[in-house]
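User: Could you take a close look at one part of this model for me, the helix pair and the core and sheet around it? I'd like the cut-offs spelled out as you go.

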Amino acid sequence: MIPYGRQDISQADIDAVVEVLRSDFLTQGPVVPLFEQSLAKKVGADFAVAVNSATSALHLAVSSLGLGKGDLLWTSPITFVASSNCALYCGADVDFVDIDPDSFNMCPVALKKKFEEAEAKGKLPKIIVPVHMCGQSPKADEIAKLARSYGVKIVEDASHAIGAKYQGKYVGDCRFSDITVFSFHPVKIITSAEGGLATTNDPELAQKMALLRSHGITRDPSLMTHESHGPWYYQQVDLGYNYRMTEMQAALGLSQLSRLDEFVARRNVLAKNYGSLLVDLPVKTPVIHREAYSAFHLYVIRLQLNKIRRSHKEVFERLRTNGVGANLHYIPIHTQPYYRTLGFSDGDFPLSEQYYNEAISIPLYPGLSKESQSWLVNMLRDAIV
């Protein structure tokens, strides 16, 4: 079975982790700060806060922006549930903005309409979370202009998009957001096994996220309520969590970071090759907007079902049976059973639901060969016809 994604681990990666295992620190040592500094410098942000998952990073991001009970967060229905669950963790409410059918990202036109309707009802969100689906930035400048005109904060969920660019600059520089979140899960662009990170240009947000990731505990005298009792002293000044990244994870992430541009370039080469191989099949291939350079975490095709005699499910099952590790990213969040209990139902976001009925993620990762791609497309051809 050829999987839809796979990590690329080098001897240098292994050596970096082993070096940490032989060191004095397995957690709360010098490698996590070095990883944070290196990644912030790479993407052009002032600060970075590394944590144990992108889910944790999202939670810390919205928490640091003060999201709470009675507040509202909007995101896209086509994303992993963490993009919206982060609001529920804070006791806030969630709603969604339908997608642009080309990029699968939050649609600025739909967002503008939703803002106008929400303002009329007095129900504006506190935060919006645009997702960089498949590794392509949404139209971040248009989204930011809209959100800022309504006084709404922005957290970019760029879990798919480390190494991607928008308007010639790396995603994560926070030009168009308050905070950007990345994921380092094994199938992502670079990996730290599990892990995530948030970038920001706001020192207060960076400090707040760093505090919350470790129980809300500080040894910084400037954050304490009264004078320290001695060198051993610490205070819990907020209700935080245990979201720390380990030194081993940071070592792997730091080593992988040195190959980030190489990984993204290779993914773009493979994506271009897929475009050529698929040109005569009844599928829609990804559309990359002129101002975006995608990290191509995923390669999603959409079946033109009116030209295919098999159903979406039948094509998917035939691919799996024939050794293609196809997947589907994602089931619209508002159709999940838990979210139905919150009042959402079929028909709420029709473009997202149509996407779900047609989409299939086919394998894409740096180690995939062009010969394997040709074989994969032949398996797709057989599955369709």
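Analyst: Happy to! Contact here means heavy atoms within 4.5 Å. This is a predicted model, in which local features need pLDDT of at least 70 and side-chain atom pairs count only at pLDDT 80 or more, while totals for chains, interfaces and linings use all residues. Residues are numbered from 1 along each chain as its sequence is written, and side-chain values use heavy atoms, with hydrogens and water left out.

Let's start from Val 62. Setting aside neighbours within four places in sequence, Val 62 is in contact with Leu 67, Leu 73, Cys 86, Cys 90, Ile 127 and Val 155. Val 62 is also among the residues with the most contacts inside the largest nonpolar core, which has 32 residues. Such a core is a set of buried Ala, Val, Leu, Ile, Met, Phe, Trp, Tyr and Cys residues joined through side-chain atoms within 4.5 Å; buried means under 20% relative accessible area with a 1.4 Å probe, protein chains only. Elements giving two or more residues to this core include α3 (54-64), α4 (82-89) and β4 (127-129). Helices (H or I, at least four residues) and strands (E, at least two) are DSSP runs, numbered from the N terminus. The most comes from α3, with six residues.

Now the helix pair. Thr 55, Leu 58, His 59 and Val 62 of α3 meet Ala 82, Ser 83, Cys 86 and Tyr 89 of α4. The two helices pack at about 45°, their axes 9 Å apart. This makes α3 oblique to α4: angles under 35 degrees count as roughly parallel, over 145 as roughly antiparallel, 65 to 115 as roughly perpendicular and the rest as oblique. Axes are lines fitted to C-alpha atoms, for helices over the stretch in contact, with angles from 0 to 180 degrees between N-to-C directions. The crossing of α3 and α4 is right-handed, meaning the near helix is turned clockwise from the far one by less than a right angle.

On to the sheet. Seven strands form an open, mixed sheet in the order β1-β9-β8-β5-β4-β2-β3, where two strands pair if DSSP finds at least two bridges between them. The edge strands, β1 and β3, each pair on one side only. Within the sheet, β2 (residues 72-75) and β4 pair in the parallel sense over three bridges, and Thr 75 stands opposite Val 129 in β4. Finally, α7 lies across β1, β8 and β9, at about 15° to β1.

Definitions and conventions
Buried < 20%, exposed > 50% of the residue type's maximum accessible area, 1.4 Å probe, protein only.
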